[in-house]
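Okay, thanks for coming, everyone. Let me put the structure up, and then I'll just talk through it.

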Amino acid sequence: MKKILKSEGFSSFISSCIAIVIGLVFGLIIILLTNPSQALDGFLNLIVGPLKLGMTGIGRVLFYAVPIIMTGLSVGFAFKTGLFNIGTPGQFIVGAFAAVYIGVYWTFLPSGLHWIVALIGAFIVGGLWAVVPGLMKAYLNVNEVISSIMMNYIGMYLVNYLVKETVFDSLRSQSLPVASSAVIPKLGLDKIFTGSTLNAGIFIAIIMVILIYVILNKTKFGYEMKACGFNAEAAKYAGINEKKNIVLAMVIAGALAGLGGGLVYLAGSGKFISIVEVLAPEGFNGIPVALLGLSNPIGIFFSGIFISYLTVGGNLMQQFGFIPEIVDIIVSAIIYCSALSLMIKIWLGQRKSKNIKKIETKEGDE
Amino acid sequence: MDLFYFVIQQTWTFSIPLLIVALAGLFSERSGVINIALEGIMLIGALFGVSYLHVFGNLLPPQLNLIVALLIAGGTGMLFSLLHAFAAIHMKADQTISGTALNTFAPAFCIFFGRLVLGTQQISFENLFRIDHIPVLGSIPFIGPMFFQNTYMTTFLGIIILFISYILIYKTKFGLRLRACGELPQAADSAGISVYKMRYAGVLISGLLAGLGGLILVIPTSTIFNATVAGYGFLALAVLIFGQWKPFKIFFAALFFGFMKTIAATSNAIPFLLNLGIPSVVYKIIPYIATLIVLAFVSKNSAAPRAEGEPFDKGKR
């Protein structure tokens, strides 16, 4: 009992839960302000709506979870190395473009291989996009947040231009549909989860979660990265090449986000790259996912599903006249509370030490 | 020649909001708090300013009404930035994360507010604020068309804010203290300066200016506000860095960025640029690449405030 209460992970988990509860309460207040008479129905739809849809709802939740699990992994992995990867929107969209380009033009590939190559393309290009902030951080000590923000806008404008020049459907003003051989196979998932477009992407996300978990916890490379994240100076004196680690961490993070872009735009779900000057929201959503998941790959998997669940629930709320943006408001409250988690943890720590003392005195009494 | 004047006038409309918002960032960062929430604060300022004009567009004479709207935009921006200040200063939160929270909140709130209160997501207003020709000054040959025709009161407001900022930061006790809190808060603290208070002041001034900047961006460029300020908050961050955290360098950076925006928006209409055949995407990207290059070159002796992003802990030495 003492061990669990004392563990760092436990108090972090509790502070995540507190953040979620505060976020939801905030959302409820907003909903109550909007339309008190429908508020309860609307809120219930947000909380249990996706489940009420049965397999369809679960399929949708899993489908929308795939990209944000990937960008969440991206942000979380960089966090572990002490880097804040706010460049996920850029990495996501360049990855998406690479996947769509390969999907449209490289039809000479056999059908079983085409979609895999397209995804690998997304993975590589996403990684390349993160090379610049990585190198600048490692060798010039440039704050990666600023350079990533610049790369986001460069990526967005460049992809808009490249889509127009190469894979443009001028009638609909969006990217062309990819060849059928480049669509990620459904593996019968659409039969199990009828009414959703769930595909093998969810398995790829799960594989990546496991892979990142293994890299972080079971390899020397992952150990070195975490060491750099804890204390870069100490890591350096311990003989760890911290520059190499910074660059690699950024590249892997970028590759994960890029793969997320590929997974969305090869899903064959009717989503195309449209020419808008807006950063990809899936990229930014990786930040709350990583924060709630405490940068732990397994945690990120579940927090990705949680945020996706809220998104699906938010869309269902529309039938009661509520706008789905309420979910964004809830998520922002959750992020804000996560930012305050340090204080929450200290506060918990004080409470905890009191509790532990109580337990100790009780045990002593016995 | 008309084209030349047109480009100059357009450059002002793009540059002034960038200037004001970059100065907003300056105040916050000089006090030691990173403010990536500029985009979100701009949105909130623009939302309330435009909403006022939407409802009370004919309440007062146009220019007076604009002043009221600007006050509302600045005030609400300031209030909103209080959230960031509280998290960053009192709660010692990660400033990038709390800024991200504000940036996530703002666009959703704009849509929510528009739909709920005004019944429409696209908040329209009547642009009555353009000044075709300033008496006397506008008639000066050459100078007149460049600076005093087809202009807005807000352009001059921006210039005034620039001078006030310079004086405030470099010529007053307040500015000295503010800078001290951004460079070496422990030293400032031991000299009896309340680091918390100075940082609150920095972030709140930042909120005021960013809120103003949001409205000043929207007014000349559109007649509807649709929950977006088109990434200007982040671009202003680039202006701040490009200007090396110094007011007048920021001014020239803002002019450069504004000029690039103008070129990108009008390159199809300018025969000379059309003949060059450079796609407009190049002009759009140049400001960001230029910022990256500047970052790379000056990083070794960066002009960024040294304690920027570090929560102040009284007990730490």
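Let's begin with Lys173(B), which has 8 C-beta neighbours inside 10 Å; exposed means 12 or fewer, so this lysine counts as exposed. Keep in mind as I go that this is a predicted model. Lys173(B) sits in helix α7 of chain B, which covers residues 173–183.

How far apart in space are Asp94(B) and Glu310(B), C-alpha to C-alpha? The answer is 8.4 Å, with a sequence separation of 216 residues. Asp94(B) belongs to the loop between α3 and α4 of chain B. Is Asp94(B) buried or exposed? With 21 other C-beta atoms within 10 Å, Asp94(B) is buried, because the cut-off for that is 20 or more.

While we're in that loop, have a look at Lys92(B). Lys92(B) also lies between α3 (62–90) and α4 (95–118) of chain B. As a reminder, most residues other than glycine have a negative phi. Lys92(B) has 17 C-beta neighbours inside 10 Å, which makes it partly exposed.

You'll find Ser173(A) in the loop that links β1 (168–169) and β2 (174–175) of chain A. Ser173(A) counts as partly exposed, with 13 other C-beta atoms within 10 Å.

Okay, back to chain B as a whole. Chain B contains 13 helices and 4 strands. Its radius of gyration comes out at 20 Å, close to the 20 Å from the globule rule for 317 residues, so chain B is as compact as a globular protein of that length. The C-alpha trace of chain B spans about 60 × 45 × 40 Å along its principal axes. Of the 317 residues in chain B, 52% are buried. And if you take the contacts in chain B with a separation of 6 or more, 78% of them come from residues 24 or more positions apart.

Does the length make sense, or what should we expect from the residue count? Helix α1 of chain B runs over residues 2–30, and at 1.5 Å a residue those 29 residues should span 42 Å; the end C-alpha atoms are 41 Å apart, which agrees. There is a bend in α1(B) of about 25° at Ser15(B), and a proline, Pro17(B), follows within four residues. α1(B) is mostly covered, with 21 of its 29 residues buried. Just past the end of α1(B) comes Gly32(B), with a positive phi of about 105°.

Over to chain A. Chain A has 17 helices and 2 strands. The radius of gyration of chain A is 22 Å, close to the 21 Å the globule rule gives for 366 residues, so chain A too is as compact as a globular protein of its length. Along the principal axes, the C-alpha trace of chain A spans about 75 × 65 × 35 Å. As for burial, 53% of the 366 residues of chain A count as buried.

Here's a helix pair to look at in chain A. Which way do α4(A) and α13(A) run relative to each other? The axes of α4 (residues 55–80) and α13 (residues 242–265) of chain A come within 8 Å and cross at roughly 175°. Anything over 145 counts as roughly antiparallel, and therefore α4(A) and α13(A) are roughly antiparallel to each other. Residues making this contact include Val66(A), Met70(A) and Phe77(A) of α4(A), together with Ala249(A), Leu256(A) and Leu263(A) of α13(A).

Last stop: where the two chains meet. Here 36 residues of chain B are in contact with 34 residues of chain A. On the chain B side, α4, α10 (232–242) and α13 (280–298) each supply at least two residues. Which of the helices of chain B gives the most to the side that touches chain A? That's α4(B), with 13 residues.

Notes
Residues numbered from 1 in each chain as written. Chains lettered and ligands numbered in written order. Predicted model: local features only at pLDDT ≥ 70, side-chain atom pairs only at ≥ 80, totals over all residues. Rg over C-alpha atoms; globule rule 2.2 N^0.38 Å. Contact = placed C-beta atoms within 7 Å. Expected span 1.5 Å × (residues − 1). Bend = angle between axes of the 7 residues up to and from the residue. Axes fitted to C-alpha atoms, helices over the stretch in contact; angles between N-to-C directions. Parallel < 35°, antiparallel > 145°, perpendicular 65-115°, else oblique.
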